[in-house]
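These notebook entries record what I looked up in one structure.

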Amino acid sequence: MPKISMKGQSMPESPIRKLVPYAEAAKSRGVEVIHLNIGQPDIKTPKVAMDAVRNNTLEILEYSRSEGSQEYREKLANYYGKCGINVTAQQIIATTGGSEALMFAIGSIADTTDEIIIPEPFYANYNGFAKASGVNVVPVVSSFEDNFALPPIEEFEKLITPKTKGILICNPGNPTGYLYTKEEIKKLATLVKKHDLFLIADEVYREFAYDNIEHYSILQEPGIEDHAIVVDSVSKRYSMCGARIGCLVSKNSEFIQTALKFAQARLSPPTLALIASEAALDTPQSYFDQVISEYVERRNLLIEALKTIEGVKVATPQGAFYCIVQLPVSNTEDFARWLLEDFQLDGQTVMVAPAAGFYASQGIGYDQVRIAYVLDKKELLRAAELLKEALKQYNG
């Protein structure tokens, strides 16, 4: 039998999705699974985006431009301008989701065996994107006790080698919900200028900033125009995860021209999804005001409920819609599987994402899970009740 590549064998499984077969088996037994494991919002997609697809009169579903249509990129540039980010359409490339944007970014800045430093825990697929590109992830640990704030710059500096090509952050963070401050972004800016590195910021959760704290983009920071690369997506902002439209934004023209070659190689992003995404940019601010208010209520309710469970600790998120929860168990992957295979209360159970898969360092995160508070408040309260009872039985 022909052999699978070493790269393929070493590709990590998704900690979010690898338990899906257990969830499907539970459902087949008649158990209702409350999904806290995945960031699929239950918020409705803006009507203007859906109508753009429903009412479209296209007779031929043609290729789109590799970088996305001029009209879409101009509207995106206008959107960023309202966020205090001054860019042009020529500094934007539309991609097939934020995932492809990250792949293009890593492929454009790093060669095989080069290194990218990432504060952990981080979005688990960063490991996969790096592995697919032959690039090594170098983790710098952020602390649960410090609410996952930016680690000291000295810790980053210790890890920089001739192979280091960049630093990657998620702001606000998945899976932590941490929102980096302006001062923390400035520290990173100083560091990447000092060592001539790229700074990639995954800003797909930009709108989801709470407690009257404003999101500060790396593209707002002066002096790092040639270093800064932003990854973005419509998935969470407009509750359009299935559209698979993202983008790369950078004022570094050489980087954009390089990333464009990757975009040309995959031909084009999906045409209908681009049409929906362009229309979504006309979504009124009132939509976001309502969504943010809803997520703040969900966050507060969930965290208070979790804090009543003996042995449970929660890091309070300031953005996105995730939190890291520390449980009184030694291996949350075993616990998460047990929840789906052996536990149910009145015909219901809960599904969580074990957090060890969000770390690159070995031996960290085995007592943690990521919870996504993307369900309505009634379901979140019920999920907390189920988790409380499950922990009693599991540790009993």
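I began with the second largest cavity, to whose lining helix 4, strand 7 and strand 8 each supply at least two residues. Helix 4 gives the largest share, 3 residues. I took helices (H or I, at least four residues) and strands (E, at least two) as DSSP runs, numbered from the N terminus. The model is a predicted one: local features need pLDDT of at least 70, side-chain atom pairs count only at pLDDT 80 or more, and totals for chains, interfaces and linings use all residues. Residues are numbered from 1 along each chain as its sequence is written, and side-chain values use heavy atoms, with hydrogens and water left out.

**Entry: cavities**

I noted the terms at the outset. On a 1 Å grid over the protein atoms alone, a cavity is a set of points where a 1.4 Å probe fits but cannot get out, and a pocket is an open set with protein on both sides within 12 Å along at least five of seven lines; lining residues have an atom within 4 Å of a point. Grid points are joined across faces, edges and corners, and a volume is the space filled by probe spheres set on the points.

The second largest cavity holds about 60 Å³ of space. Its lining has 13 residues, and those closest to its centre are Tyr72, Leu76, Ser233, Val234 and Arg237.

I then turned to the largest cavity, whose volume is about 120 Å³. Among its 16 lining residues, Pro119, Pro121, Cys170, Thr176 and Tyr180 lie nearest the centre.

The largest pocket has a volume of about 740 Å³. Of its 23 lining residues, Tyr79, Lys82, Cys83, Glu207 and Gln285 are the closest to its centre. Helix 4 (70–82) and helix 11 (285–307) each supply at least two residues of this lining, which comprises 11 nonpolar, 5 polar and 7 charged residues.

For the second largest pocket I recorded about 490 Å³. Arg17, Ser99, Tyr123, Lys236 and Arg244 are the closest to its centre among 23 lining residues. Helix 5 gives the most to this lining, with 3 residues.

**Entry: salt bridges**

I counted a salt bridge where a side-chain nitrogen of Lys or Arg is within 4 Å of a carboxyl oxygen of Asp or Glu. The structure holds 23 of these salt bridges.

Glutamate 207 pairs with arginine 237, the closest N and O atoms being 2.5 Å apart. Glutamate 207 lies in the loop between strand 6 (198–202) and strand 7, and arginine 237 in the loop between strand 7 and strand 8 (246–249), so the pair ties together parts 30 residues apart in sequence. Both residues are buried; buried means under 20% relative accessible area, exposed over 50%, partly exposed in between (1.4 Å probe, protein chains only).

Aspartate 282 forms a salt bridge with lysine 75 at 3.1 Å between the closest N and O atoms. These two residues are 207 residues apart. Aspartate 282 is partly exposed at 47% relative accessibility, and lysine 75 is partly exposed at 25%.

Lastly, I noted a network of salt bridges that links Asp42, Glu294, Glu297, Arg298 and Lys377.

Key: Ala, Val, Leu, Ile, Met, Phe, Trp, Tyr, Cys and Pro count as nonpolar, Asp, Glu, Lys and Arg as charged, and the others, Gly among them, as polar.
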